[in-house]
Amino acid sequence: ALKYAEPHAKMKFGYITESNRHQLKNGDILTVAKRPALAAKDICDNITGAGKEINVAMAQLVGLSRDYVFALEFISLEGVTKLMAIVEQSQLGDVQMLTSLLEAFQELMQHNIVSWQALTENFVKKFVNFIDRS
């Protein structure tokens, strides 16, 4: 898979697809990347891990969750459900992990693939408790 980024435009990148390839401009930077499905699977597998593995996965998730193609793949693998389970089971290790999870979760939800109504009451309560403690 290929990803593109506009020079000097932080955070504006994405996977190249048939529907967005017309947006490429001369000077855009192309990089070889894992296919969105493989990246989503790797991250889903690692966010339920422990230690450094989960921190790396969360950092990758934050970077990729802005991309619609990746978000579709991640959500289809029940990734949002896994993120909610991490919060509900109080598996957030530190403030940085909480920050990464919240940022990735927000980005994923902004694609409007999953309804905000899907959030459980327990998830919301736990998240509020984590934020209050921070």
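Trainee: Which way does α1 pass α3, left-handed or right-handed?
Mentor: The crossing of α1 with α3 is right-handed, meaning that the near helix is turned clockwise from the far one by less than a right angle. This is a predicted model, where local features need pLDDT of at least 70, side-chain atom pairs count only at pLDDT 80 or more, and totals for chains, interfaces and linings use all residues. Residues are numbered from 1 along each chain as its sequence is written, and side-chain values use heavy atoms, with hydrogens and water left out.

Trainee: Which residues of α1 and α3 make the contact?
Mentor: From α1 they are P36, A37, A39, A40, I43 and C44, and from α3 they are V69, F70, E73 and F74. Contact means heavy atoms within 4.5 Å.

Trainee: Different topic. What does L61 touch?
Mentor: Leaving aside neighbours within four places in sequence, L61 is in contact with I43, F70, F74, L83, A104 and L108.

Trainee: And how many helices and strands are there in the chain?
Mentor: Six helices and three strands. From the N terminus the order is β-β-β-α-α-α-α-α-α. Helices (H or I, at least four residues) and strands (E, at least two) are DSSP runs, numbered from the N terminus.

Trainee: How much of the chain is buried?
Mentor: Of its 134 residues, 35% count as buried, that is, under 20% relative accessible area with a 1.4 Å probe, protein chains only.

Technical notes:
Buried means under 20% relative accessible area, exposed over 50%, partly exposed in between (1.4 Å probe, protein chains only).
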